[in-house]
Amino acid sequence: MPFLGQDWRSPGWSWIKTEDGWKRFEFFSHDIQDNSDIDLEELQVENKENLFSAEDCKIEAKKRKKDHFNNNTKSQFFFQEKWIYVQKESTRERHGYCTLGEAFNRLDFSSAIQDVRRFNYVVKLLQLIAKSQLTSLSGAAQKNYFNILEKIVRKVLDDQQNPRLIKDLLQDLGSTLCILIREVGKSVLVGNINIWICRLETILNWQQQLNNLQIPKQVNNGVTLSDLPLHMQNNILYKFSDGWDIVNLGQVTSTLHMLSEDRQLWKKLCHYHFAEKQLCRHLVLSEKGLVDWKLMYFTLQKYFPKKEQYGDTLQFCRHCSILFWKDSGHPCTANDPGNCFMSVSPQQFIDLFKF
């Protein structure tokens, strides 16, 4: 039966090589015999002081190492890898498995938020984690989560773009933290309760800063959106896939407001996001007996998820079980790698680690 405790074997004696062969080395034995006037009590006191100083040095070294790690985690965001192997169980070749927190730490999300194509993707992933997977993250993954979130908030405050997305994210995260703190003891929380209270206060502070955000009017002497012909402004509105973006753009000028109220525009948006059965189940009629497609769109999004659209997403190789960013690639061993790749939505990213 294997011994599961500490190693019971002693480190052994210390030996020295002499002319007569190897002899066991005994500390202070010859000095004590040769110098009988040595005070043994004084020797013990000196050894005790040295022992205490060694322990103090060991504690200080651990403290410095911990402080160094804490300082680096905020700036380096842990690992920055281009791809990771998604392992769901132990095999003879590979031991252990990959968790959601590990994947979140190792993939380079801190650099992804600087890419316009990936920004919405990362924000949506953070929002889904906040709703359902926050308590499943390890302490290190939670720390990385809030570090990336802080970087996103600072970016929005600096460039004044996409504030509505971050407000929705902070609203969902704040609601989750309120429930976890209120029901402490009923749910598993990694870390001290005071840390979670401090995080909630930070989120409330971020929300206040975003609410006070004032976007200055830009002075541009060149061609503006309102200078374009009507058909070009209308084509721009038809490129939007989010209803709130259309509403906000319609508040810029009276012409854009008129174009944003087009029934065909909202009809096309409803058919893009929702299936025919969903449309028939929740018909909304106006006073004139016609279908109010704008009101119908905002009604349907309360019951059904909208179709997600991102400029760039993570890719998953079914042959290699590797998760990677599209432009970085990975060392695929398949004969036809192109047929093995699939785009991974934020929800699919989370579902990969449900096992």
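These legends describe close-up views of one predicted model. Because the model is predicted, local features need pLDDT of at least 70 and side-chain atom pairs count only at pLDDT 80 or more, while totals for chains, interfaces and linings use all residues. Residues are numbered from 1 along each chain as its sequence is written, and side-chain values use heavy atoms, with hydrogens and water left out.

**View 1**
Strands (E, at least two residues) and helices (H or I, at least four residues) are DSSP runs, numbered from the N terminus. Two strands pair if DSSP finds at least two bridges between them.

**View 2**
Strand 3 (residues 83–85) runs antiparallel to strand 5 and is joined to it by 3 bridges; here Trp83 stands opposite Phe324. Strand 4 (residues 314–317) also pairs with strand 5 in the antiparallel sense, over 4 bridges, and Cys317 has Ile322 as its bridge partner. The hairpin of strand 4 and strand 5 has 4 residues between the strands, and Ser321 takes a positive phi near 55 degrees in this hairpin.

**View 1. Aromatic rings around Phe349.**
The whole structure holds 14 aromatic pairs. Rings of Phe, Tyr and Trp (its six-membered ring) pair if their centres lie within 6.5 Å; planes under 30 degrees apart count as stacked, over 60 as edge-to-face and the rest as tilted. The pair of Phe109 and Phe349 is edge-to-face, because the planes stand at 85 degrees, with ring centres 6.1 Å apart. Phe109 lies in helix 4 (residues 109–112) and Phe349 in helix 15 (residues 346–351), so this pair ties together parts that are 240 residues apart in sequence. Phe109 has 1% relative accessibility and so counts as buried. Phe349 also forms an edge-to-face pair with Phe353, at 5.4 Å centre to centre and 65 degrees between the planes, and both Phe349 and Phe353 are buried. One aromatic cluster includes Phe109, Phe349 and Phe353, and among its other members are Tyr310 and Trp325.

**View 2. Charges over rings.**
Lys155 lies over the face of Phe119, 5.0 Å from the ring centre. Arg199 lies over the face of Trp196, 4.9 Å from the ring centre. A charge sits over a ring if NZ of Lys or CZ of Arg is within 6 Å of the ring centre and within 35 degrees of the ring normal.

**View 3. Leu225 in its loop.**
Leu225 is placed in the loop between helix 8 (193–211) and helix 9 (230–238). Its relative accessibility is 30%, so Leu225 counts as partly exposed. Beyond its neighbours within four places in sequence, Leu225 is in contact with Gln233, Ile236, Leu249 and Leu256, where contact means heavy atoms within 4.5 Å. Leu256 is 31 residues from Leu225 along the chain, and their C-alpha atoms are separated by 9.5 Å.

Conventions. Buried means under 20% relative accessible area, exposed over 50%, partly exposed in between (1.4 Å probe, protein chains only).
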